[in-house]
Amino acid sequence: LQGGGWLGAATAGITVFASVSTLIGCYLALSRFMADTLSLPLNRTCKRLVALTVLPSLLVSFKGPELYFFMIKFAGAVPVAFLWGVVPPLVVWVMWHNEGVLSLQRRVLLAAGCGASVVAMALGALSM
């Protein structure tokens with residue numbers, strides 16, 4: 001971005017705003033999750049809720065940028081592989097089972113697809 005002129009500045013601005021909005025969204029989602037799970041009041045005066053929301057990421061940030069980058073890679077690779085590789089065959093399995101058309105051949109095909117996706121996901125996680 002150095003020496004990029006107005007295009008570099010616009011790219012940097014978009015990057016900063018995207019990162020900040022993602023961080024805000026994650027904190028809001030985590031605070032609501034913690035409040036629902038632990039039956040805590042959802043307000044700023046609940047110090048336990050604030051601590052449970054902010055402290056985990058604060059402690060992770062003390063480990064340095066290498067842990068942050070590893071977590072970003074993991075969060076991008078593993079959930080996407082699970083959502084696009086494992087969940088669709090399982091959804092089709094349940095749909096075919098409910099319709100009564102889940103034959104042995106289809107079970108083998110779906111199990112092989114799920115198995116291959118799980119192996120690919122595990123290999124991807126191990127390669128990080």
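Visitor: Which helices each supply at least two residues of the lining of the largest pocket?

Guide: The helices that each supply at least two residues of that lining are α1 (5-38), α2 and α3, where a helix is a DSSP run of H or I of at least four residues, numbered from the N terminus. This is a predicted model, in which local features need pLDDT of at least 70 and side-chain atom pairs count only at pLDDT 80 or more, while totals for chains, interfaces and linings use all residues. Residues are numbered from 1 along each chain as its sequence is written, and side-chain values use heavy atoms, with hydrogens and water left out.

Visitor: Which helix gives the most to this lining, and which residues are closest to the centre of the largest pocket?

Guide: Helix α1 gives the most, with seven residues. The lining has 17 residues, and L23, C26, S57, Y68 and I72 are the closest to the centre. The space in this pocket comes to about 660 Å³.

Visitor: What is the lining of the largest pocket like by class?

Guide: It has 12 nonpolar, five polar and no charged residues, with Ala, Val, Leu, Ile, Met, Phe, Trp, Tyr, Cys and Pro counted as nonpolar, Asp, Glu, Lys and Arg as charged, and the others, Gly among them, as polar.

Visitor: Which residues lie nearest the centre of the second largest pocket?

Guide: Nearest that centre lie Y27, L28, S31, R32 and R44, out of 13 lining residues, and the pocket holds about 270 Å³ of space. Its lining divides into eight nonpolar, three polar and two charged residues, and α1 supplies the largest share, six residues.

Visitor: Why is T53 called buried?

Guide: The relative accessible area of T53 is 6%, and buried means under 20% (exposed is over 50%, partly exposed in between, with a 1.4 Å probe and protein chains only), so T53 counts as buried. T53 sits in helix α2 (residues 47-61) and touches Y27, L30 and S31, leaving aside residues up to four places away in sequence; touching here means heavy atoms within 4.5 Å.

Visitor: What makes α3 roughly antiparallel to α4?

Guide: Helix α3 (residues 65-99) and helix α4 (residues 104-126) pack at an angle of about 170 degrees, with their axes 9 Å apart. Angles over 145 degrees count as roughly antiparallel (under 35 is roughly parallel, 65 to 115 roughly perpendicular and the rest oblique), and therefore α3 is roughly antiparallel to α4. The contact includes F74, F82 and W93 of α3 and R106, L110 and M121 of α4, and its residues divide into 16 nonpolar, three polar and two charged.

Terms used. Axes are lines fitted to C-alpha atoms, for helices over the stretch in contact, and angles run from 0 to 180 degrees between N-to-C directions. On a 1 Å grid over the protein atoms alone, a cavity is a set of points where a 1.4 Å probe fits but cannot get out, and a pocket is an open set with protein on both sides within 12 Å along at least five of seven lines; lining residues have an atom within 4 Å of a point. Grid points are joined across faces, edges and corners, and a volume is the space filled by probe spheres set on the points.
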